[in-house]
Amino acid sequence: MHNEPDKDELPLIRQYLLGRLDPPRREAVEARVFTDAGYRERVELAEAELIDEYVEGELAADERRDFAARYLSTPRLRLEVRTVEELRRRAAAEGAAAVAAEPRRAAAKRAQTGAGGPPARRGLAASLRHHAKPLLAAGLALLFISAAVLVWLRLEPHQLEQRLLYGRSPRADLEREVARLNAPRDEAEESAARAARSSAGAGVELTPGVERAAPGDAADATLDVPEGTAYARLRLGLDPAADRFQSFRASFRTVDGGGEFEANLSPAGDAAAGRHLDVTLPLLRLPDGDYRIQLHGRDASGRLEELPGHYYHLRLIRRPR
């Protein structure tokens with residue numbers, strides 16, 4: 001089987017493992033993992049190397065932050081990291097013990113043979129022979145780590161697929177649900193989806209570039225919904241300056257920094273009547289509070305550009321029924 005990676009493949013895999021890909025590219029990687037055994041093996045090896053770099057403290061600060069956000073927030077992935085850390089700790093302890101014990105073994109051997117100590121100036125071969133045992137012990141310990149990690153990754157043939165299915169971060173799950181709710185549909189599907197949302201949903205229209213108002217202010221865009229409401233339908237107004245973009249990415253962030261997610265959206269309406277973005281949100285997955293929404297426009301080439309004037313504020317309040 002041909003397992004050599006493409007020249008741009010490993011950086012993409014690394015970005016995927018660090019949770020840095022947008023939903024379309026992340027889903028493309030995951031789809032290939034499910035269908036291409038050679039690619040799945042390369043992802044597993046890249047993951048083992050990334051975990052090793054984290055444990056050794058070799059990741060850059062931003063990579064370490066993203067690694068911790070993904071791998072230390074999920075029990076299954078956190079267990080993998082802790083296992084490698086423990087293997088490293090044991091190997092280091094065994095290697096140090098072997099090196100420390102070597103002088104004692106040499107002294108005991110000299111006492112048994114009556115030989116004097118080693119010459120003050122020994123050759124390279126003699127020096128290597130003198131340190132062979134501790135070096136071999138350390139090398140075997142590192143070999144044990146590598147073998148243990150590889151065997152452990154392959155104890156279950158579909159372990160990586162299981163992690164993809166059940167080990168995602170809450171943000172990844174939320175973005176997947178938002179993508180599902182806002183996927184393009186034909187007219188009949190959209191009609192059925194609209195009926196389902198209207199039975200357990202709410203809606204609000206947001207104007208771009210309006211700062212967050214004080215509670216109770218008439219200009220404040222508030223979703224004040226009964227507890228248990230399943231969906232919210234937001235309409236994000238677009239200024240004419242955004243007409244040149246084919247699609248958009250909306251970044252939702254809570255003002256207090258408690259959570260964030262993104263959604264890829266296509267505009268509705270036309271230039272004459274005014275274009276807008278409709279987005280359905282799964283309220284049962286969102287905390288109450290104030291949200292800031294920032295738009296990026298995507299042109300025909302796929303390049304994203306931040307739209308400074310296209311930000312929105314939303315306050316979500318749930319009240320008991």
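**View 1. Helix α1 (residues 9–17) packs against helix α2, with axes that come within 10 Å and cross at roughly 105°.** Axes are lines fitted to C-alpha atoms, for helices over the stretch in contact, and angles run from 0 to 180 degrees between N-to-C directions. From α1, the contact is made by Glu9, Leu12 and Tyr16, and from α2 by Arg25, Arg26, Val29, Glu30 and Arg32; contact means heavy atoms within 4.5 Å. These residues divide into 3 nonpolar, no polar and 5 charged. Ala, Val, Leu, Ile, Met, Phe, Trp, Tyr, Cys and Pro count as nonpolar, Asp, Glu, Lys and Arg as charged, and the others, Gly among them, as polar. The model is predicted: local features need pLDDT of at least 70, side-chain atom pairs count only at pLDDT 80 or more, and totals for chains, interfaces and linings use all residues. Residues are numbered from 1 along each chain as its sequence is written, and side-chain values use heavy atoms, with hydrogens and water left out.

**View 2. Leu18 lies in the loop between α1 and α2.** Leu18 has 3% relative accessibility and therefore counts as buried; buried means under 20% relative accessible area, exposed over 50%, and partly exposed in between, with a 1.4 Å probe and protein chains only. Leaving out residues up to four places away in sequence, Leu18 touches Leu50, Glu63, Asp66, Phe67 and Arg70. The C-alpha atoms of Leu18 and Arg65 are 9.1 Å apart in space, although the two residues are 47 apart in sequence.

**View 3. Helix α2 (residues 23–35) also packs with helix α9 (residues 170–181), at an angle of about 100° and with the axes 11 Å apart.** The helices α2 and α9 are therefore roughly perpendicular to each other. Pro23, Arg26, Glu27 and Glu30 of α2 make the contact with Ala172, Glu175 and Arg176 of α9. By class, this contact has 2 nonpolar, no polar and 5 charged residues. Across the protein chain there are 10 helices and 8 strands, taken as DSSP runs numbered from the N terminus, with helices (H or I) of at least four residues and strands (E) of at least two.

**View 4. An open sheet of 5 strands has the order β2-β8-β7-β4-β5, with mixed pairing.** Two strands pair if DSSP finds at least two bridges between them. β2 (222–226) and β5 (260–265) stand at the edges, each with a single partner strand, so one side of each has no neighbour in the sheet. From one strand to the next, the twist averages 25°. β2 and β8 pair in the parallel sense over 5 bridges, and Asp224 has Ile317 in β8 as its bridge partner.

**View 5. Strand β7 (residues 289–298) pairs with strand β8 (residues 304–319) in the antiparallel sense over 9 bridges.** The bridge partner of Asp290 in β8 is Arg315, and Ile293 stands opposite Tyr312 in β8. The hairpin of β7 and β8 has 5 residues between the strands, and Gly302 takes a positive phi near 95° in this hairpin. β7 also pairs with strand β4 (residues 247–254), in the antiparallel sense over 8 bridges; in β7, His296 is the bridge partner of Arg249. Of the 10 residues of β7, 8 are buried, and the strand is mostly covered.

**View 6. The largest nonpolar core has 31 residues.** A nonpolar core is a set of buried Ala, Val, Leu, Ile, Met, Phe, Trp, Tyr and Cys residues joined through side-chain atoms within 4.5 Å. Leu206, Leu234, Phe252 and Leu295 have the most contacts inside this largest core. β8 gives the most to this core, with 4 residues. Beyond its neighbours within four places in sequence, Leu206 is in contact with Ala221, Leu234, Arg235, Leu236, Gly237, Ile293, Tyr312, His313 and Leu314. Another core, of 19 residues, lies apart from the largest one and includes Ile13, Tyr16, Leu21 and Val29. In the protein chain, buried residues make up 38% of the 321 residues.

How values were computed: Angles under 35 degrees count as roughly parallel, over 145 as roughly antiparallel, 65 to 115 as roughly perpendicular and the rest as oblique.
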